[in-house]
Amino acid sequence: MRTVHALAEVLAIAVFVGTTMPLAPLDAQTQTHEQGTTNTSSATSDSFSLQSYVLNNGMELIMDQQTSAQKIFLGIAVKGGTDVQTNKTAGLFRLIELLSFRGEASHPGEPEPAAALETIGAAGLNGGIMQDGFLFSFVVNPEQLKEGIDTLQYLFSTVRLDTAFSDPKALAEAKEEFSAATAELMNDPDAIYERAMDKKLFAQGAWRRNAEGPDSLVAQATQATLKALMNQWFLPNNTAIVICGNFSPEEAKSYVTSAFANWEKGPNPWQNPPKAFPKPGVSRPTFLVFPDSSIGAGTAKIELRYRAPDVGSSKADAAMLWAQLAADPTGRLATAVAKNLAKGSNLANFAVHYVPSKNSSYFSVSANLAVNTKPSIVDNAMSFREVVRGTEGYALKTNASYYAAKDYTAAAQAVAESQTQKLQDPEQAGAFLMKSWVTGAYQWWLQTPERLAKLGPKDIQSFADEYFMKNLEVVGVRINPADYEKNKKTFAGYGFEVVSGAKAFWWQ
């Protein structure tokens, strides 16, 4: 699903740069009841006002009031995405999406539900099944607040979904679209590479990382099977409504209560939650090479990918701060890498990313390198790995002054400013708030600034020890096929496994 992948990239960037904002303390909020809701938390700044309420049926309402905004973001978030799939249900959430929306959630089919969204002038449709949940959102003009909330209720109402699920033709069409979309992914270089990396780093359950599955499983899916999944996960006590932009919180509370209060609370679907993936993600260093025609001749993309601390863990804050520190293209890590590579490597697009999730977080260090170097691009890739993990990872662990105090202050401030800026834009704020909620650590994210401000060298040293020295990586190289052929024997000599669309997906 191209649009959902695009949203995932936005969210990954949001959490990579951090999720901090100046907040009032959240650990001493009083409980008050208004219109059938419970006030659970609130925070304000000069440019936004963040509030959270819980309806009596367990549905949460999260509001980010931005009085200067020209639009309103409306979204619904349901916990439990691909992470709760098994190897017997993989792909069924994606099928539910296609059936419910008569297509992708970002491109709903005609006449319904597209007509309902067109009626209120909804724009910026986005969402679908993702790793930690199901998200769906759109933006409307401020005067359409009530109509937008009512439309969200209609789209996920039992009456509408029962109608969609009882249509055999619609189910057949959804299966056909699922199969076509999966076939398209198998020819998408980015999808092939990502699935191959997941298949190695999360080998115990790569089906929990992606929305697709084998056609054979999807072909057997019945309306009853899909409704059972819906009834298990799409519950008010497992759902949040997110509203950001220029609106009245009191009106929004009233409209949401009126629209959703009669949804019946169901059994807690998290009685037996899925386990976090192990760390290290691999039992030995693993090497992948992908002859990729989308890569121009003369350049290769090198990446080291590691299992990382998950959302809410004690090391997640250090991972966030370290990613900000290490990503500086003029900083110590990038400088050390460039200095120790082969002459003419032309290091470019150096990047460090921490991509947090509930159970399968990872971080990566990557760059583009010239292919025609001596020693070879393969030797150069191995040098890249040694400098990052061996030399600099060890120095980070053992040297408390690896980063100066001013570096920590600047990194924490950059993270805070970036997140505050996002919370001032309805769509960026909505995307972040929905993502943070489905990871199960909404309050944890909100309190991040206070925690990051307290981090120092000992925290980063401990992170380096556990996630560099005691961790193992998957090394990925994407290279033009012609350049691969010239270096084929060297890749084989180092034990690189060749990636292809025929064996990258978990069921292949």
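Reader: Which residues lie nearest the centre of the second largest pocket?

Author: This is a predicted model, where local features need pLDDT of at least 70 and side-chain atom pairs count only at pLDDT 80 or more, while totals for chains, interfaces and linings use all residues. Residues are numbered from 1 along each chain as its sequence is written, and side-chain values use heavy atoms, with hydrogens and water left out. A pocket here is an open set of points on a 1 Å grid over the protein atoms alone, where a 1.4 Å probe fits, with protein on both sides within 12 Å along at least five of seven lines; lining residues have an atom within 4 Å of a point. The second largest pocket is lined by 19 residues, and those nearest its centre are Phe 156, Thr 158, Leu 161, Asn 231 and Phe 234.

Reader: Which element gives the largest share of that pocket's lining?

Author: Helices (H or I, at least four residues) and strands (E, at least two) are DSSP runs, numbered from the N terminus. Strand S5 (72-79), helix H5 (158-165) and helix H9 (223-233) each supply at least two lining residues. The largest share, five residues, comes from H5.

Reader: Is Ser 157 buried or exposed?

Author: Ser 157 sits in the loop between helix H4 (145-155) and H5. Buried means under 20% relative accessible area, exposed over 50%, and partly exposed in between (1.4 Å probe, protein chains only). Ser 157 has 9% relative accessibility, so it counts as buried.

Reader: What does the side chain of Ser 157 reach?

Author: Look for a polar contact, meaning a pair of N or O atoms within 3.5 Å; within protein, one must be able to donate a hydrogen and the other to accept it, and residues adjacent in sequence count only if both atoms are side-chain atoms. At 2.8 Å, the side chain of Ser 157 reaches the backbone oxygen of Tyr 154.

Reader: What is the bridge partner of Ile 62 in S8?

Author: Two strands pair if DSSP finds at least two bridges between them. Strand S4 (residues 60-65) pairs with strand S3 (residues 49-55) in the antiparallel sense over six bridges, and with strand S8 (residues 239-245) in the parallel sense over six bridges. Five of the six residues of S4 are buried, so this strand is largely enclosed by the rest of the structure. In S8, the partner of Ile 62 is Val 242.

Reader: What is the phi of Arg 102?

Author: Most residues other than glycine have a negative phi. Arg 102 is in the loop between helix H2 (92-100) and helix H3 (114-119), and counts as partly exposed because its relative accessibility is 34%. Although Arg 102 is not a glycine, its phi is positive, about 55°.

Reader: And what is omega for the peptide bond between Lys 279 and Pro 280?

Author: Most peptide bonds are trans. Pro 280 is in the loop between helix H10 (249-260) and strand S9 (286-291). A cis bond joins Lys 279 and Pro 280, with omega about 0°.
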